[in-house]
Amino acid sequence: MRMLTSSDSSYKNAKMKLDRGWMWLILLLVLAVAVVAEEKQSEEDISDADLNIGLDEEEIKVLMAEEEEEEEEATVIDEEQFDEAESQGTFSEKEETGKTKVDANVSFQVTYKTPVPTGDVYFAETFDDGSLGRWQLSKTVKEDADDDLAKYDGKWAVEQLKENKVPGDQGLVLKSRAKHHAISAMLDKPFIFQDEPLILQYEVNFQDGIDCGGAYIKLLSDTDSLNLEQFHDRTPYTIMFGPDKCGEDYKLHFIFRHQNPLNKDVEEKHAKRADVDLKKYYTDKKTHLYTLVLNPDNSYEMFIDQSSVSRGSLLNDVVPPVNPPKEIDDPNDSKPEDWDERAKIPDPEAVKPDDWDEDAPAKIEDPDAVKPEGWLDDEPEFVPDPNAEKPDDWDEEMDGEWEAPQVPNPSCETAPGCGEWKRPMINNPQYKGKWKAPLVDNPNYQGVWKPRKIDNPKYFEDLQPFRMTAFRALGLELWSMTSDIYFDNFIITSHKEVADRWASDSWGLKKLVASANEPGIFTQLMMAAEERPWLWVIYILTVGLPVGLVVLFCWPKKSNDDYVYKKVDQPRADVEEEEEEVAAEEEVKAAEASATESAPAAGTEEAEEEDAAEVGGDNLEGDDEEEQEEEEEEEEEESKAPERTLEDELKEGGDATDESNKQAVRKRRVRKD
């Protein structure tokens with residue numbers, strides 16, 4: 001067994017310190033990455049608006065060059081400063097022509113300019129001038145409603161956002177609760193559905209959340225009867241688009257009205273629901289961008305904040321479908337009287353068994369039950385309350401004879417029960433219920449009857465539902481239980497890049513300000529935990545688990561120098577080798593003892609040996625020859641034996657000494673003989 005040395009201990013300590021150093025280095029790298037990611041978050045938010053507008057590099061360069069060439073900027077004044085300055089008449093000519101002012105209440109300052117469309121548009125509205133000059137309030141009443149509720153008397157105002165305001169930017173705000181609102185404006189020119197797509201885009205901010213209400217817009221059809229002062233819920237529209245919520249149902253409407261080419265009837269077609277959860281767009285109190293893209297190939301796509309949430313086809317993904325079925329059920333067809341729709345029938349050959357008792361009760365008294373000892377048969381379970389007193393206003397003629405209320409009998413509290421004892425009821429093992437014949441396959445089964453199909457007399461095929469009725473006005477006709485719904489930056493165009501650029505100049509700035517004013521990640525986590533307390537468990541596990549692992553693997557351990565190494569005994573020889581050594585030692589001792597005994601008689605022996613030599617010289621010569629032969633054999637064996645290593649010689653050193661002793665003893669015995 002190898003013993004640990006001081007060099008091994010120092011090597012192990014150095015390796016452990018190196019491992020800990022790598023672990024701490026990895027932790028520091030993780031922290032550094034987190035800090036860098038947080039620092040770059042603001043830069044990513046700033047560039048996010050430009051990355052999502054969908055323009056190529058050349059178009060962006062051209063637009064940036066146009067911005068640099070522009071010299072005039074819109075006046076940037078917040079609403080309170082504008083009203084105060086206007087009332088006091090303190091505006092200078094220089095301020096009115098474009099000087100930008102900074103709002104001290106805004107933590108993140110941006111330079112805002114009223115966005116200008118970069119291409120052909122049908123409608124564009126920013127409300128930055130603070131007026132509703134082109135907008136018309138409805139002066140009619142809602143049909144099929146009470147007089148108090150039928151009026152469109154909801155208030156509208158042009159204001160800045162309550163939170164994350166951009167200085168100089170204003171929008172249309174719905175101000176009243178539980179009232180009908182209706183306002184509309186004419187387009188610059190009617191939109192005719194031919195070969196160009198339709199892009200409809202605007203912003204919505206539910207500043208106080210939303211309980212029940214909508215923020216959708218209607219594109220009013222181009223008809224001879226269109227009158228914006230009479231705009232109401234029955235006014236013909238071509239498309240309705242926008243968010244709507246009531247209860248826990250969050251919707252993004254896209255409805256278009258399709259005209260039947262046969263009878264000219266108009267029917268509403270509803271697009272399928274959005275593919276994502278829309279709840280956050282109604283509850284985060286941020287400004288969101290809603291976009292509808294409708295293409296001449298009958299495809300449509302809806303976006304929120306420039307991210308697609310739903311797409312489909314006007315031919316396949318609307319309810320009810322645009323084109324009716326070719327065949328319908330014959331309304332004059334009826335099921336024959338002998339038509340058998342029963343797949344299973346009772347077995348006509350089945351017979352009720354003789355031992356089947358249909359009258360046996362389902363429950364019977366338990367025959368093994370025994371009345372508990374101490375049962376008070378003569379004591380009632382309830383007795384009149386002895387402390388009750390008849391009310392003073394009790395009239396026996398009107399109320400009858402007064403009786404004290406019943407209370408539990410106090411005598412029964414210590415007893416197992418009171419009153420008449422009855423055996424408990426148990427299930428009757430003999431109960432089988434009413435006998436019924438088992439069911440078998442019906443040999444006369446003809447299947448479920450269906451009426452025959454006939455050609456649909458109302459069938460038509462419209463392969464171009466995109467070609468809808470033209471529209472020439474935009475309107476908001478809303479009912480809401482929540483006020484302060486913010487609308488801004490309406491645009492209707494046929495070019496997606498124009499709408500994207502419009503969004504980057506308007507909604508993009510709002511997004512930047514909102515991102516800059518957002519609380520830190522720690523504050524957001526705390527706010528989320530307040531709403532959902534179960535998140536604390538996840539937080540604790542997320543933080544505690546890494547800390548526990550770090551402590552477990554990185555906590556300094558006891559130094560290896562403190563260990564005491566004990567000397568280990570050399571391995572012992574096998575049992576056989578020990579026995580041989582013991583035998584050799586005994587032989588050596590015996591030889592020494594015999595040598596000491598033979599020493600005094602050396603002279604006598606020598607004389608006897610001389611006499612014996614004279615008498616038996618021949619025998620001695622023979623013995624000498626035998627000894628010489630034995631010595632020669634031993635020398636040959638030693639010469640033939642393979643060379644041994646130094647270790648073998650060291651191991652067999654003790655054995656060689658014993659062997660020489662054995663040979664000496666053997667020679668003495670030969671001489672003695």
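Reader: Cys412 and Cys418 form a disulfide, so how far apart are their sulfur atoms?
Author: A disulfide here is a pair of cysteine sulfur atoms within 2.5 Å. This is a predicted model, where local features need pLDDT of at least 70, side-chain atom pairs count only at pLDDT 80 or more, and totals for chains, interfaces and linings use all residues. Residues are numbered from 1 along each chain as its sequence is written, and side-chain values use heavy atoms, leaving out hydrogens and water. For Cys412 and Cys418, the sulfur atoms are apart by 1.7 Å.

Reader: Are those two cysteines, Cys412 and Cys418, buried or exposed?
Author: The cut-offs go by relative accessible area: under 20% is buried, over 50% is exposed, and in between is partly exposed (1.4 Å probe, protein chains only). By that rule, both Cys412 and Cys418 come out as buried.

Reader: How many disulfides turn up in the whole structure?
Author: Counting bonded cysteines along the chain, the pattern is 1-2, 3-4. A search of the whole structure gives a disulfide count of 2.

Reader: Which strands do Cys212 and Cys246 sit in?
Author: These two also make a disulfide, with sulfur atoms 2.2 Å apart. Strands are DSSP runs of E, at least two residues long, while helices are runs of H or I with at least four, and both are numbered from the N terminus. The link joins distant parts of the chain, 34 residues apart, with Cys212 in strand 7 and Cys246 in strand 9.

Reader: Let's go to His288: which side chains does it join through polar contacts?
Author: His288 lies in strand 12, and it is buried at 4% relative accessible area. A polar contact is a pair of N or O atoms within 3.5 Å; within protein, one must be able to donate a hydrogen and the other to accept it, and residues adjacent in sequence count only if both atoms are side-chain atoms. The side chain of His288 makes one of 2.9 Å with Asp284, and one of 2.8 Å with Asp305.

Reader: How many aromatic pairs are there in the whole structure?
Author: Rings of Phe, Tyr and Trp (its six-membered ring) pair if their centres lie within 6.5 Å; planes under 30 degrees apart are stacked, over 60 edge-to-face, and the rest tilted. With those rules, the search of the whole structure gives an aromatic pair count of 17.

Reader: What kind of pair do Tyr122 and Phe191 make?
Author: Their ring centres are 4.9 Å apart. The planes meet at 70°, so the pair is edge-to-face.

Reader: Where do Tyr122 and Phe191 lie?
Author: Both are buried. They link distant parts of the chain, 69 residues apart, with Tyr122 in strand 1 and Phe191 in strand 5.

Reader: Which charged end sits over the ring of Tyr122?
Author: A charge sits over a ring if NZ of Lys or CZ of Arg is within 6 Å of the ring centre and within 35 degrees of the ring normal. At 4.9 Å from the centre of the Tyr122 ring, the charged end belongs to Lys189.

Reader: How many residues of helix 8 are buried?
Author: Helix 8 covers residues 496–505 and is mostly covered. Among its buried residues are Arg501 and Trp502.
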